[in-house]
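Work through the exercises below with the sequence and the model at hand. Each task is followed by a solution in steps.

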Amino acid sequence: MAAFGGLVLTIKGRNLQAKVQAGQQLKFSRMGLGDGVITSQSIPNMTGLITERKSIAVSRVYTPSAGRATVSAILSNQDITTGFFFRELGVFAVDPDEGEIMYAYGNSGSGSAEYIPPGGGADVIEKLINVNLLVGNATNISITADPSQVYVSLQDYTDYTTSNDVNILDLKNRMTTVETDVDDLQNRLNNVDTKRITLAGGVQVLNSIKSALFSLDGITGRMMVNLLGRMGNCENVGSWSSNVAIVSDATNKTSGTSSFKLTVGSVPATASATFLTTPGKKYVAIADVKNGNTSKVAISINGIAGASGNEVTSASAFAPSVVRFVATDYFHILTITGTGASGNTFNMDSVRVHEVSDADYAAAATLTPAQVAAKWPYVDSVMPVRNPYAIRYGENLLPSFYEWTLVETKATEPYAAAMTPTVSNRVTYYETSTAPGNVYTLSAQHNGNIALSFLDSSGNVIGTPSYTTSQMVSGTAPANAQRMRVSFSNLTVTTGTLNISNPMLNIGSTEKPFKPREDSMLALQTDLYADPVTGANTDMVFERDGQYFKSKKWQGLTLDGNRAWVQGEGGATAGVRQVKLVGAAIGAVAGSGIGVKFDGKIIPQGSTGNTADSNAVTAAGDIYFGIPVADSGWADSYGPSQDDIKAYFFGYKAYDANTITPANAQASTTATWNGTGTKYWVQRVGAPNFTQTVPQQAYAGYTPYQLVYQLATPAVEPIVSEGLLSFNEGDNQVEVGTGIVLRESARPKLHTNGFYYINNSNVAGTNLTYSVSKVLGIYKGLRPDTEKWALYIGSGSTNGTTAEASAANYDAAAAYSVTYLVLAPSPVVPFTGSYAANEKTLLSDLVDSVQQNTARVSVLENKKADEDNPAWLTPTLLNGWVVWVGSQGTYTPGYYKDSAGVVHLRGWVKDGVKAQATVIFRLPVGYRPSQRSLFTVYDSSDTGTNLKTSAVVVNVDGSVSVDAVSGTSVSFYQVSFLAEQ
């Protein structure tokens, strides 16, 4: 309950008290409750509450001792229609000359005000308010409020029944209510009760009965195959054909970093792309288009009568144009057409084509274009449900100012900032997700201007933001709102300092007391697949004893040059070379493979994988691909070696440096290497950089082949997770999405400008694995460090959000990691589960959680003990290398990884093949570096004399190989490195 401290006697109260001292009767009439805030008012001069919300009659007055009176009243919220903060308390009495006056007044301020909810809900308020009056003299009266929350105590019952104005019937009703409440409490303490919920994809508001943990029942997989591959992201102008120039537009987009912008000429402007189909199969094609000032924009499928989508005429935001069609050939052409006057423009983005089932094809006819677009969202090529997460944002939806966009503003504390504007209309702001249709309230202590506005899917502000100098503003999220923005501005003030502190953004129309934001999150690191057309055979996540597992029915593979590729039995046919990977897909369902090429092109299942850009997966687990000569450069007459094939899967193309330039070789669609001449390799993607030696790893910008296939027998495997999802009692804003990466190791690098960077493509070695949509946290060791890094998008970096820290905020001795959301979208699916709806279930869940955590801590402690006392592992020696036995003993090679993740090697070997790149032994996954590493080691003669230095290489595929050996034996005691894959 609110703490009022000492109430102050008003002037009118003092006057009445003087009359009482002279013999007049002191008669109290009522109490008044309100939510007004004291600013400049003088309490003695006040004659009423600032904002009165509730009046309650005085139910009892008695004198427990001489010179002391206790005034009592009962507060109930049953007839309150609008909740309020109980800040004001006034005691009213009857003056024989003036009538009713406010005798005394108190105000608790904002910090300790109690919220009184409206009646009719789950919260029933019943309070007995006692005000003790201590009378000194007529001019010095002190009144102290000593409220207590009392329903019916024994003393109250005795006093109440002996009072002259007792209402016996009302008391019986109250006692009946107490008995009912006791029965309800016993039921809650004796019986388990859970509330089952489904958290849908996107942002939603959930009203929770209790503050409780969420228990996950399951998450099912989904796989989407965009037959346009990565062409549909509208990032590469050269991938599409058009009758006009296509320009990249980084300002208007619905996915990735840009869209295409086309300008109409004398005829309608078009952009077209070709994709593979199967005759008789059903498809849905969707494009996000924005009509700049053309008359209309629509999608269509060439050569199929009536296969034209809805026309989009809106210029304010992107909208989907959708077409359904049945394929009549093995390939089709999709076209986006903008019609209008010469010079008119339109944008296109997120173009996708999906094969669908008969049922989905029929259902799509009943949906609006927006509903179709939501059911089949954009993805690049083949995408599962990747790394799903659910975040419950704090009651305060605003983070500290370290995460705001600060303009001429400095964060002085986590939740305090000062703006020193030099020009008008400077805006410091923060954006977050919103749930359409919900009311939000922004409150803050400030001397500037605040605004709450809403944004659509294109990032445009809906309506005009309305700034106010008030300490509070509310707004309702429109139906087309996706995000909301909280702004602090100087408007026309250009001198002095404007301060803002304790900003609070909460759900509902009533401001809540400030509290720092505290989010709750459950994040899973896994891919969840299903049949891309029917949705059958789905992967599923489930929880058991506090650990999350996946029932896996699909397997995804990354296929790069570290694999043991060989020529396939099919050889070469008309510019196509069949290559093979033996036993890489053990347990596969034959013919279930779906491949993705390095350029994002879909590689469908073929009969034997010996036609261009097709794959074949066999029941024996072998994988075949058909490689066209335009990509490999291999003439039909040339049989590529394993190194040739590995180089291709590292992203390189072979060519004869004597007859063709690197740029021409990269672009050539005919053979560039037939086995004679000087063999070089040119990068297949990006600039035509070349190398004279066999490539051993890929390069920045190259994306390796991918393959997904179905398992004949499902498997169960544990998955990495982080966090627990919990709900606050009342309204919770929850976001369900995909694409979270947990604590990826980061390597900040110093730029010439004196700052350290993470994920800046202009600073070599800083890029994270994926392009970053949003950084959720930066960690130094295990501790959050986000507040020391500035986060922004732009400045020439092409990998999404960049993090920047000053030299003073960077610790060169620390290990940094980043949790972030990836830019590339993946399908979003619901989280299904439950939470405790009463105290018995809460206690049961707590006990289970403690037991599970205790067990897991025990496992971690045992693992830590094993890491601190590692066992040496012995590798299998290859290519004639054997253990060296010397006069001091046997020097068996071995390896181990310490608790810091560093791999150490030991031992001597001798008499093996010494040719460069000869593999001595291989390290398993988990003991490999992230890049090729060269080490200087000792070698000697077979007798141990003539000690010299040689070199060995540890490759990313785990192979430890010869670089240069002059003697006959090689030592490994000088080799150690950080295991990063």
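**Exercise 1.** State which residues form a nonpolar patch on the surface with about 360 Å² of accessible area together.

*Solution.* Step 1: the patch consists of Leu-843, Leu-846, Val-847 and Val-850. Patches take residues with over 30% relative accessible area and no salt bridge, joining like charges within 9 Å and nonpolar side chains (Val, Leu, Ile, Met, Phe, Trp, Tyr) within 5 Å. Accessible areas come from the Shrake-Rupley method with a 1.4 Å probe, and for residues only the protein chains shown count as cover. Step 2: Leu-846 sits in helix H9, residues 839–868. Helices (H or I, at least four residues) and strands (E, at least two) are DSSP runs numbered from the N terminus.

The model is predicted, so local features need pLDDT of at least 70 and side-chain atom pairs count only at pLDDT 80 or more, whereas totals for chains, interfaces and linings use all residues. Residues are numbered from 1 along each chain as its sequence is written, and side-chain values use heavy atoms, leaving out hydrogens and water.

**Exercise 2.** Find how many residues the largest nonpolar core has, and which of them have the most contacts inside it.

*Solution.* Step 1: the core has 40 residues. A nonpolar core is a set of buried Ala, Val, Leu, Ile, Met, Phe, Trp, Tyr and Cys residues joined through side-chain atoms within 4.5 Å; buried means under 20% relative accessible area, exposed over 50%, and partly exposed in between (1.4 Å probe, protein chains only). Step 2: the residues with the most contacts inside this core are Trp-240, Ile-301, Phe-325, Leu-334, Ile-336, Met-348 and Val-353. Step 3: a second, separate core has 33 residues, including Tyr-393, Tyr-440, Ile-450 and Ala-523.

**Exercise 3.** Describe where Thr-274 lies and what Thr-274 is in contact with beyond four places in sequence.

*Solution.* Step 1: strand E18, residues 269–276, holds Thr-274. Step 2: Thr-274 counts as partly exposed because its relative accessibility is 47%. Step 3: its contacts (heavy atoms within 4.5 Å) are Leu-228, Phe-331, His-332 and Ile-333. Step 4: from C-alpha to C-alpha, Leu-228 and Thr-274 are 7.6 Å apart, while 46 residues separate them in sequence.

**Exercise 4.** Which residues of helix H1 are buried?

*Solution.* Step 1: in H1, residues 11–21, the buried ones are Gly-13, Leu-16, Gln-17 and Val-20. Step 2: they lie on the same side of H1, because they cover an arc of only 105° around the axis. The arc is that of the directions from the helix axis to the C-beta atoms. Step 3: Gly-23 follows H1, with a positive phi near 115°.

**Exercise 5.** Locate the salt bridge of Asp-613 and the network that includes Asp-613.

*Solution.* Step 1: the partner is Lys-597, with the closest N and O atoms 3.1 Å apart. A salt bridge is a side-chain nitrogen of Lys or Arg within 4 Å of a carboxyl oxygen of Asp or Glu. Step 2: Asp-613 is in the loop between strands E41 (602–603) and E42 (615–617), and Lys-597 is in the loop between strand E40 (594–596) and E41, 16 residues apart. Step 3: both Asp-613 and Lys-597 are buried. Step 4: a network of salt bridges links Lys-597, Lys-601, Asp-613, Asp-631 and Arg-684. Step 5: the whole structure has 33 salt bridges.
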